[in-house]
Each structure stands twice: as structure tokens, then as C-alpha cells.
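My notes follow in the order in which I checked things.

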Amino acid sequence: YQIIRKPMSLKKIEGKIRGQFYRSLDQLMGDLIIMCDNACKFNEQGSLIYLDSLTLLRVAFRTRLCLLGESDLVTYPSVAPDMQQLLASTYRNVANYETETGRRPSDVFAAEGATSEITTLSTIGSLLERGHYTHLSAMQRDFFFVLEQERLANPVDSLIYEDAFLLQRIFLAERDRSFGVQSRSPRLRSA
């Protein structure tokens, strides 16, 4: 256990499902992320297990998005024109977040060289300025999609990978503060 501090496997996850341990999809996703993260840390980059774990994580995230689909629109507040300012403030606070050393993790995700197929954080900012987002859930979905694509495209021990998780936690904290929406995942809430 020197390399893997929190062991997790599909067998353990299956046991938790059968024992009705999970109270939310986010709890299950948390264990899947831990399992895949462990597989990537323990195995060589490019190995079959490493690549399979990334594929499994990608499928898990896509399945989660499909399962939540339209229900996300119900659980998040609708953004009326007068609320646009709150949404913009949330975006700015995340995009401008600086670490204790003065580094802005969002800079790499704003660049045109980012690996996301659909958008970058800069694109999200532009869409926000044009009033494209009518629901907080839509902006959150796009924001998390960009971060997920970067996590899947970069090694787990890279700064980009770590920054993607950091920015997701910062986004959730800003969302909670601005909109009073509580994250269902304690793992993502802790910054």
C-alpha cells in the first residue's frame, strides 16, 4: 500500500452496490475515479490497464451525463436575465482563481491548444457574455466537460490533471456560494 493509499476495485464497488452503500450517483463516481486514478498511478502510461482505466472512466462520465440528462435542468435554478451577473461572477472567480504561489490553473484550459473537442474555458466565457447560458446546469456541464477532457488526455501525475480537479472544486465552491446549490459529492466539495 505504499503506492496506492486508497485501494478500490470493481469487486469492492459491486459489493457496495449490492449492500446499498451508495446514496447517490456521485458517491459511485467517486469510487470509480479513485479506482481509475489508482490504475493509472500503478501502471505504466500507455499500458493496457492504464488505457482501459481511462476508457472506463470516460464511459462512466458519459453514462453519468446520460443518466442525469434532463433532470439536471430541474435541480438547478433557471438563470433569468437579472441573474446573468451571478453566473458571470461565478465564471470569473473560477477563471481568475490563483494558487498561493500566484499561478492561475485556468490559463492552460483557456488556451486554444487545449485538447477539448467542443470548447475551452475561453469559449465558455464568450458564450456567457453573449447570454448563451439560460441555466446554471448548462454552464456547469460545459465547464466540467472541458475539465474532464483534459483529465482524460493528460497523465494522472501531470499538473494539468491536478488543476482540472482543483478547478472543479473551485467551481463547485463558487456555485454553492453564489447560488446556494449544494454539491452532492463531499469528495468534490473539499478544496
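I started with helix α7, residues 121-129 of this predicted model, and looked up which of its residues are buried, finding L121, I124, G125, L127 and L128. I then checked their directions around the axis and noted that they cover an arc of only 165 degrees, which puts them on the same side of α7. Just after α7, I looked at the backbone of G131 and recorded a positive phi of about 75 degrees.

Next I turned to the packing of α7 with helix α8, residues 136-153, and found that their axes come within 9 Å and cross at roughly 165 degrees. For the contact itself I listed L121, I124 and L128 from α7, and M139, D142, F143 and V146 from α8. Sorting the residues of this contact by class gave me six nonpolar, no polar and one charged.

I then looked up helix α1, residues 10-18, and helix α2, residues 25-42, which pack at an angle of about 170 degrees with their axes 10 Å apart. That angle makes α1 roughly antiparallel to α2. On the α1 side I wrote down L10, I13, K16 and I17 as making the contact, and on the α2 side L28, D31, L32 and M35. By class, I counted six nonpolar, no polar and two charged residues in the contact of α1 with α2.

Note on methods:
Residues numbered from 1 in each chain as written. Predicted model: local features only at pLDDT ≥ 70, side-chain atom pairs only at ≥ 80, totals over all residues. Heavy atoms only, no water. Buried < 20%, exposed > 50% of the residue type's maximum accessible area, 1.4 Å probe, protein only. Helix = DSSP H or I, 4+ residues; strand = E, 2+ residues; numbered from the N terminus. Arc of directions from axis to C-beta. Axes fitted to C-alpha atoms, helices over the stretch in contact; angles between N-to-C directions. Contact = heavy atoms within 4.5 Å. Nonpolar A, V, L, I, M, F, W, Y, C, P; charged D, E, K, R; others polar. Parallel < 35°, antiparallel > 145°, perpendicular 65-115°, else oblique.
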